[in-house]
Amino acid sequence: MPRPRAFDERQVLERAREQFWATGYAGTRMDDIAQATGLGKGSLYGAFGDKGKLFHRVFGDWCTAVVEVAEGRLTDGPDAEALDRLSGYVHLMADNTASDTERRGCLLAKGAAELAQHDPMVARRSAETMTALLALLRTEISAAQRHGDIDSAADPERLAALLLTVVRGIEAVGKAGLDAETLRNIADTALGVLPRPDGQKRLATGRSTVRENQRGAITVT
């Protein structure tokens, strides 16, 4: 009968995530993970497998969290509030990026950039995550169209792709050093170009006041 583990698995995964997030996959050794988690390498291998398997676990959990954050902002509301939900989500992503003063960026983007070309699991999980985000945005755009806040003649698929590109692009240019005000202006501009029905004003540039902590519990851009 196997003995119960004498460590908190979630805490170990969080510390491993922080290490991969800080130094990247190639720059992280199992010795680094052992030091960060306080576990011996034998315990790490026994519980999670090799470095690749451990990264896949961390990366998969992160991708799940990315979608969950979007679901928390973009679902379960009336059509009349769909445009506000879109605005809140886009501004939340800009605010999260602006608060990332260490410029670590998003683990999804970092992992995909480093590994997707050679790692089928990372490539597949990245694509699944982007597809899920695209579907959530498309659903909200369609809801706003039904309510008459976005031009019903516009293609919701294309508008969703535009907003997804803006959200992920904000993370990239924020990591490269653009200041917080510029990031928030990008969010305002992207929302402002959504096609409005004739006679309606452009979306006001209200900004989310929510800040998500990028340490501890997984709350992500």
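**View 1. Arg146 is exposed, with a relative accessible area of 57%.** Here and below, relative accessible area under 20% counts as buried, over 50% as exposed and anything in between as partly exposed, with a 1.4 Å probe and protein chains only. The structure is a predicted model, in which local features need pLDDT of at least 70 and side-chain atom pairs count only at pLDDT 80 or more, while totals for chains, interfaces and linings use all residues. Residues are numbered from 1 along each chain as its sequence is written, and side-chain values use heavy atoms, with hydrogens and water left out. Arg146 pairs with Asp79 in a salt bridge whose closest N and O atoms lie 2.9 Å apart, the term requiring a side-chain nitrogen of Lys or Arg within 4 Å of a carboxyl oxygen of Asp or Glu. The two partners come from distant parts of the chain, 67 residues apart, with Asp79 in the loop between helix 4 (51–74) and helix 5 (82–99) and Arg146 in helix 7. Helices are DSSP runs of H or I with at least four residues, strands are runs of E with at least two, and both are numbered from the N terminus. Asp79 is partly exposed, at a relative accessible area of 25%.

**View 2. Helix 5 and helix 7 pack with their axes 8 Å apart, at an angle of about 145 degrees.** Two packed helices are described by the angle between their axes and the distance between the axes. Each axis is a line fitted to C-alpha atoms, for helices over the stretch in contact, and the angle between N-to-C directions runs from 0 to 180 degrees. On the helix 5 side the contact, defined by heavy atoms within 4.5 Å, involves Ala82, Leu83, Arg85, Leu86 and Tyr89, which meet Leu133, Leu137, Glu140, Ile141, Ala143 and Ala144 of helix 7. Sorted by class, these residues comprise nine nonpolar, no polar and two charged, where Ala, Val, Leu, Ile, Met, Phe, Trp, Tyr, Cys and Pro count as nonpolar, Asp, Glu, Lys and Arg as charged, and the others, Gly among them, as polar. Arg85 and Glu140 are joined by a salt bridge between their side chains, at 2.4 Å from N to O. This pair also links distant parts of the chain, since Arg85 lies in helix 5 and Glu140 in helix 7, 55 residues apart. Arg85 and Glu140 are both buried.

**View 3. Helix 7 (residues 120–147) crosses helix 8 (residues 156–176) at roughly 125 degrees, their axes coming within 8 Å.** The two helices are therefore oblique to each other, a class that takes what remains once angles under 35 degrees are called roughly parallel, over 145 roughly antiparallel and 65 to 115 roughly perpendicular. The contact of helix 7 with helix 8 holds eleven nonpolar, two polar and three charged residues.

**View 4. Helix 1 (residues 9–23) packs on helix 2 at an angle of about 130 degrees, with the axes 9 Å apart.** That angle makes helix 1 oblique to helix 2, and helix 1 passes helix 2 in a right-handed crossing. Val12, Arg15, Ala16, Gln19 and Phe20 of helix 1 make the contact with Asp32, Ile33, Ala36 and Thr37 of helix 2. These residues divide into five nonpolar, two polar and two charged. Gln35 also lies in helix 2 (residues 30–37) and counts as exposed, at 68% relative accessibility.

**View 5. Arg104 and Glu102 form a salt bridge, the closest N and O atoms being 3.9 Å apart.** Arg104 is buried, with a relative accessible area of 9%, whereas Glu102 is partly exposed, at 49%. Through salt bridges that share partners, Arg17, Glu18, Glu102 and Arg104 are joined into one network. A search of the whole structure finds 15 salt bridges.

**View 6. The protein as a whole contains nine helices and zero strands.** Of its 221 residues, 45% are buried. Among contacts with a separation of 6 or more, 72% are accounted for by residues 24 or more positions apart.

Terms used: Left-handed = near helix turned anticlockwise from the far one by under 90°.
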